[in-house]
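Please look over the sequence and the model shown here.

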Amino acid sequence: MTIQATRTFSALALAAAIIAAPLAVNAASGPHAEGARHHQKADHQARQHGDRWLRGLNLSQDQQDQIFKIRHDQEQAVYDQKKAIKAAAGTLRELSQSDAFDQAKAKQAADTLGQAQGQLALLRAQSMAQIRAVLTPEQRQQMAKRHQRKDKGESGMKKS
């Protein structure tokens with residue numbers, strides 16, 4: 001491999017590690033590592049990020065319970081994928097900073113990183129589909145309207 005190709009690949013590997021770093025940070029605390037603190041953090045994150053698209057849908061208590069169960073059932077798998085992302089990103093970062101760059105190991109780490117990110121995306125898509133199934137047709141329609149406004153760049157706020 002030429003020096004130019006090695007440098008290009010090194011730059012790409014470093015860019016992948018930088019892109020993956022925010023995902024790896026989220027994997028820092030696991031569901032078993034810190035007990036109740038993790039659950040408090042997970043609840044806060046769900047309220048802050050995950051439930052944004054559910055706000056204003058007036059979910060019944062039964063719907064809330066079903067959604068909680070869907071998320072709880074996937075918690076370990078999500079944690080495992082975030083952990084794999086963190087490990088692969090760390091390996092890739094270390095390899096990119098090494099004096100002796102190992103192309104094969106970097107490719108393996110990049111493949112592992114991509115696989116874990118893909119699995120996490122699939123878990124999120126499955127969760128979204130399961131949660132949508134819990135919603136009433138009216139709630140799904142309300143959510144679809146929100147997504148359409150978002151896709152058009154409308155925030156609901158008037159522009160001056």
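The paragraphs below discuss confidence, one tryptophan and the salt bridges.

The model is predicted; local features need pLDDT of at least 70, side-chain atom pairs count only at pLDDT 80 or more, and totals for chains, interfaces and linings use all residues. Residues are numbered from 1 along each chain as its sequence is written, and side-chain values use heavy atoms, with hydrogens and water left out.

The average pLDDT (the predictor's confidence in each residue, from 0 to 100) is 76 for the chain, and 64% of the residues score at least 70. Residues 23-49 have a pLDDT below 50, yet this stretch has 29 contacts (heavy atoms within 4.5 Å) beyond near neighbours in sequence. Residues 156-160 are also below 50, and this stretch has zero such contacts.

Trp53 lies in the loop between helix H2 (36-50) and helix H3 (61-96); helices are DSSP runs of H or I with at least four residues, numbered from the N terminus. Because its relative accessible area is 18%, Trp53 is buried (under 20%; exposed is over 50% and partly exposed in between, with a 1.4 Å probe and protein chains only). Leaving aside neighbours within four places in sequence, Trp53 contacts Arg71, Met128, Ile131, Met143 and Arg146. Trp53 and Met143 are 90 residues apart in sequence, but their C-alpha atoms are 7.1 Å apart.

Side chains of opposite charge can pair when their charged atoms come close. The whole structure holds two salt bridges (a side-chain nitrogen of Lys or Arg within 4 Å of a carboxyl oxygen of Asp or Glu). Asp73 pairs with Lys69, with the closest N and O atoms 2.7 Å apart; both residues lie in helix H3, four residues apart. Lys107 pairs with Asp111 at 2.9 Å between the closest N and O atoms, and both lie in helix H4 (residues 103-134), about one turn apart.

Terms used
Helix = DSSP H or I, 4+ residues; strand = E, 2+ residues; numbered from the N terminus.
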